[in-house]
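Please look over the model shown here before reading on.

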Amino acid sequence: MLGLTKKELSVVVLRDADGVEAALQAALAQAAPEERPGLERALAVVAEASAATDEELRARWVRQRMEAAGVRGPADSVEAIKALREAAPGLSLLSAVQLAKSAESVRRSA
């Protein structure tokens with residue numbers, strides 16, 4: 001069937017750290033003195049989490065799917081790619097390979 005292509009699934013990284021940070025800032029502004037240290041620590045954790053790059057977040061997603069499937073080893077292995085496609089059935093082979101290679105690159109550079 002010439003001309004037909006498989007629809008690619010786009011992987012979008014969603015970040016909600018800004019909303020979480022704003023809510024924590026508002027809570028901190030009204031916090032009792034005994035609550036302040038915990039809220040300040042929470043703000044520091046949110047700041048650290050929001051510093052992750054999109055590539056790092058996608059790599060984390062890949063690693064979580066691999067762990068759930070019991071896959072050990074490199075993210076760009078055939079077994080890992082198979083696990084990704086089983087975890088996200090709409091994920092094309094091309095997208096799975098790209099995600100896996102990117103995740104392995106992040107792991108190696110860490």
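A residue is called buried when its relative accessible area is under 20%, exposed when it is over 50%, and partly exposed in between, using a 1.4 Å probe and protein chains only. This is a predicted model, in which local features need pLDDT of at least 70, side-chain atom pairs count only at pLDDT 80 or more, and totals for chains, interfaces and linings use all residues. Residues are numbered from 1 along each chain as its sequence is written, and side-chain values use heavy atoms, with hydrogens and water left out.

Arginine 107 has 43% relative accessibility, so it counts as partly exposed. Arginine 107 belongs to helix H5 (residues 93-109); helices are DSSP runs of H or I with at least four residues, numbered from the N terminus. Its C-alpha atom is 8.6 Å from that of alanine 75, a residue 32 positions away along the chain.

In helix H4 (residues 78-87), the buried residues are Ala80, Ile81, Ala83 and Leu84. Viewed down the axis of H4, these fall within an arc of 160°, so they line one face of the helix; the arc is taken from the directions from the helix axis to the C-beta atoms. The buried residues of H4 pack against H3 and H5, where contact means heavy atoms within 4.5 Å. On the face turned away from the buried side of H4 are the exposed residues Val78, Lys82 and Glu86.

Note on methods
Helices (H or I, at least four residues) and strands (E, at least two) are DSSP runs, numbered from the N terminus.
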